[in-house]
Amino acid sequence: MSASDSDSGSAGPSSPASQSVLEVRGARRSFGEREALCGVDLDLVPGSIYGLLGPNGAGKTTLLRSICGRLSLDSGTVRLSGENPVGNPEVRRSLGFVPQEIALYPDLTARENLEIFGGLTGLSRSEARETAGRLLTRIQLAQRAGDPVHTLSGGMKRRLNIAAGVVHRPSVLLLDEPTVGVDPSAREGLHDLLRELRNDGLAILLTTHDLDQAAELADVIGVLIDGRIHAQGSLDELLRQVFDGGKEVVVTLGEEPTAAARSRLLEDGFEPTRLGDVWTGRLRGKLSDLSAIGGQLEEAGLAVAEVRVREPSLRGVFFHFAGRDIDR
Amino acid sequence: MTRAVFRAMVLSLIRDRAALAMTFVLPALFFLIFAAIFSGATGEQLRLKVAVADEVGDETTTRLVSALEDDPALLRVGGGELAPEEVRRLVRKGTADVGLIVRADAEPLDSLGGFGPAPLLIVADPVRGVAVPMLKGQVQKAYFSALPDVALGSVVALVEDQFVEFDDDQSEDIADGLADLRREAEEGATSPWGFDDLFEREDVAGQSAAMNHVAYYAGAVAVLFLLFSSVHGAISVIEEKDSGILDRTLAGPGRMSAIVNGKALFLVVQGVVQIGVIFVIGWIVHDVDLPGHVPLWAVTTVAASVAAAGIALVVALVCRTKRQAQTLANVAILILSALGGSMVPRFFMPPLLQKLGWLTPNTWALEAYTAIFWRDEPATSLLLPWAMLVVAGVVGLWIAQVAARRLEIS
C-alpha cells in the first residue's frame, strides 16, 4: 500500500505496489462544487484485507463506484490487474462486489441465487451449479440451500450476500459496509468467512465506519476523511505513527476554553473539541506529558472534569486525523 | 447472462403467487365477465323493451298491439293496460327502452294521408335513440303482416281518393279480397305483405355476432392486461437497482444491455403465455376458433408482446422510482386502452378518437385479432398491424437500452 495526502507522509507501503491487483492513483471526482475524492491513492495486494475507514460522506462509496467502473473520475486512474475497468466488462470479471444491501432475490432459494449470480457473471450453468454447491457448504447453508432467501436469518442472508459476490471467483472483492445491522454472533461468522476468503488469496477492500471491525479484520487500514486518505498502514503502524509508543490521554474540560486558551493548549498538542455539551481532547505521548498540559489548563483557569489514560486505539487514530469521533 | 436474467425473472414470477394471479388468473376472469356480457348483447338476441298504451282500444288497434306482443324482437313491459303517462314514466326510468302510444285524438290506423295527428306516438329517451327506428320497423312490419286488410284497405282508399275511382264491382272484389286477407292473417298464414321476401341475408364476418364479440374482447382484455403485466415485470429493474442487485451485477462483467435483453425476452414469453391462456379459455368456453387460426394468432401475439415489452421497459428505465413508474404506467395504459379499443370498441367512438387510436398498440393488436377471428382475413392483411407492433417494440427496446446506459456508468 502507499499513502498519498497523508499528513505525516510516513505511512509507506508494507507491500510493493508491483504486487497490487488493484491500483488507484490520484483519484479525483467532484459533484458540482463538492469534492468527493481528492486525489486518492490505494493499492490492494492478494491475500489481504484493506479496511477503508471513514464516516458517512467521506467518499467511500464514490471510491468503490470508481473502482467498479460505474463512475468516471475527473482525473486519476484505476487499474485492475493493470487494466482500466471502465467500460471493460472483461476486466471487471476479476472483480466481485458485495453491496451494503442484501442484494439477493428474496423469493428465490439460496442455491438459485448463487446459480443466477454465477450466470450473470458469465459462468456456464454447470459451473454455476457446482460453484453454488461448494459455496453453500462453505457458508454453512447447505442445509438451507432450497429455502427462499426471505426465510433465512439476517446472518445467513449476509453470508449468502458475500457468497454471491465471489461465485465467479474474482481476484478482488469489494465490500460496502458488509455487517451493517448484524448481531454480534452473526458478525463473528462473517468475519471468519472474510478471513477464509483472504487466506484463499482474495484481495479484499472493505469499507466500514466500524472501528472494531477494521481493527479486527484489516491487514491494512486507510483513514478516509472528506475524500482524502489521511493515513494508511497496519494498525500497529497507524498507532505508532499517531501515538509513538505513548498512551492515549483523553481530557474532558468542565467548561468552554477561550480562544486564547485553545491556542496555547494547541501548542502543547492538545486541541479541545466540542462533543455535545463537553469539550474534550486527546493527547499522544507519555504519562509524564500530562503534567505539562495540567499546568497549561491551570494557567488558562480551565476546570478539568475527567482525565482518562488508555492504550492507544484506532478510535484515537481516527480522532487524531478527523478531530472528531467517527460516529459524529 | 441474458439467460440468467430470464431465469431470475421466471423464478421470481413463479414464486410470487400474487403476481401469478395478477398475470394469468385476473385477466382470464375479466375476459370471462366481458365475454358473458357481450356474447348476450349482440343485437340478434336483444329484445327491445316496449311499454304500450292503447287509448283507442278498438278491434284494429287491439290487433296491432297483439301483433307487437307476438313479435320475438319485442318485449312488452309494464303490463297490458297502461295510461300514456305510465308509458312516459317507464321510459324515463329506463324500465322500457321505448314507448308506444296508440292515440285516440288522432287519425285512425286505417286511414293514411289524413291531416290530423299521427295515430301512433313513439316515446323515446334520447340516450336510447337507436330504439326508435327499431320500433318503427317492427310496427310497420306488424302493420302490414298482421293487419294486411287494414293496411291495404287504407292504401286502396288513398288510391281511390287521389288516382282512380273504382266501380261497384271492383270495390266489391277489393272488399272480398281484404276479407280473405284478414281471415288468412287471423289463421296465422304467412303474409307477403310484411315484405320479408324483399330480403335475404348473407353473413360475411365470423361465425356469429356473439362469437365475434367474444373474439373481440379476448383480444381487448388480453392487450390491456398484457400492458399491465409487462410494466409490472419491467419494474423489477427498479427493484433490482434499489436492492443493490444491479450494483452487484454491473460491478462485475454484467452489462445493462444484457439485463434489458433478458427482461425483454421474459416479457415476450410471459405475454405470449398470458394471451394464450385468455384465448384458450375463449376457445373452451365460448368456441372461439383458436385451433383454426394458430399460426396467425401466434405471430400477432408475439408482435403484441414485443410491443408491450418495449413500452414497459421504456417506462421502467425512464422513471427513477417504482412509484413514479407505476403511476406513469397506470395512467398511460388506461389512456392507451381507452383510445385503443380495449374498453369500448373503436367503432362506437367519434372519428377523432378513432384516428387517435391508431397511435396505440391496442388498436393494431385488435385490428389483427379481429381480422383473424372476426373478419377471417388472409395473412397479407395482417402485415401492417404486425409491422406496427414490432416497430413499436423495437423502438421501445432501443430507447430502453439508451436509458439503461445511464445506470451503467455516470
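## Helix contacts, sheets and the chain interface

Q: Which residues in α8(A) meet A:Leu314, A:Gly316, A:Val317 and A:His320 in α11(A)?
A: The model is predicted, so local features are reported only at a pLDDT of at least 70 and side-chain atom pairs only at pLDDT 80 or more, whereas totals for chains, interfaces and linings use all residues. Residues are numbered from 1 along each chain as its sequence is written, with chains lettered from A and ligands numbered from 1 in the order of writing. Elements are DSSP runs numbered from the N terminus, helices being H or I of at least four residues and strands E of at least two, and two residues are in contact if their C-beta atoms, placed from the backbone, lie within 7 Å. On that basis, the residues in α8(A) that meet the four in α11(A) are A:Leu235, A:Leu238, A:Leu239, A:Val242 and A:Phe243.

Q: What is the relative orientation of α8(A) and α11(A)?
A: The axes of α8 (235–243) and α11 (314–322) of chain A come within 10 Å and cross at roughly 55°, where axes are lines fitted to C-alpha atoms (for helices over the stretch in contact) and angles run from 0 to 180 degrees between N-to-C directions. Angles under 35 degrees count as roughly parallel, over 145 as roughly antiparallel, 65 to 115 as roughly perpendicular and the rest as oblique. The crossing is left-handed, a term used if the near helix is turned anticlockwise from the far one by less than a right angle, with clockwise giving right-handed. By its angle, the pair α8(A) and α11(A) is therefore oblique.

Q: In what order do the four strands of the open sheet of chain B stand?
A: Two strands pair if DSSP finds at least two bridges between them, and strands β1 (48–54) and β3 (98–102) of chain B do so in the parallel sense over five bridges. The edge strands, each pairing on one side only, are β2 (74–76) and β4 (120–124) of chain B, and neighbouring strands are turned by 30° against each other on average, direction ignored. With mixed pairing, the order in chain B is β2-β1-β3-β4.

Q: At about what angle to β4(B) does helix α5 of chain B run?
A: Helix α3 (59–70) of chain B lies across β1, β2 and β3 of chain B and runs at about 165° to β1(B). Helix α5 (131–146) of chain B, in turn, lies across β1, β2, β3 and β4 of chain B, and its angle to β4(B) is about 150°.

Q: What is the handedness of the crossing of α3(B) and α5(B)?
A: The axes of α3(B) and α5(B) come within 9 Å and cross at roughly 120°. In this contact B:Arg63, B:Leu64, B:Ala67 and B:Leu68 in α3(B) meet B:Gln138, B:Val139, B:Ala142, B:Tyr143 and B:Ala146 in α5(B), a set with seven nonpolar, one polar and one charged residues. The crossing of α3(B) and α5(B) is right-handed.

Q: Which residue in β2(A) stands opposite A:Glu23?
A: In chain A, three strands form an open antiparallel sheet in the order β2-β1-β4, with β2 (34–44) and β4 (75–80) as edge strands. Eight bridges join β1 (22–31) of chain A to β2(A). In β2(A), the residue opposite A:Glu23 is A:Asp43.

Q: Which element gives the most to the side of chain B that touches chain A?
A: The contact takes 23 residues from chain B and 32 from chain A, and the elements of chain B that give two or more residues to its side are α1 (2–15) and α10 (245–251). By class, the side of chain B divides into nine nonpolar, seven polar and seven charged residues. With seven residues, the element that gives the most is α1(B).

Q: How far apart are the end C-alpha atoms of helix α11 of chain B?
A: The expected span of a helix is 1.5 Å times one less than its number of residues. For the 31 residues of α11 (256–286) of chain B this should give 45 Å, which agrees with the computed distance between the end C-alpha atoms, 44 Å.

Methods
Nonpolar A, V, L, I, M, F, W, Y, C, P; charged D, E, K, R; others polar.
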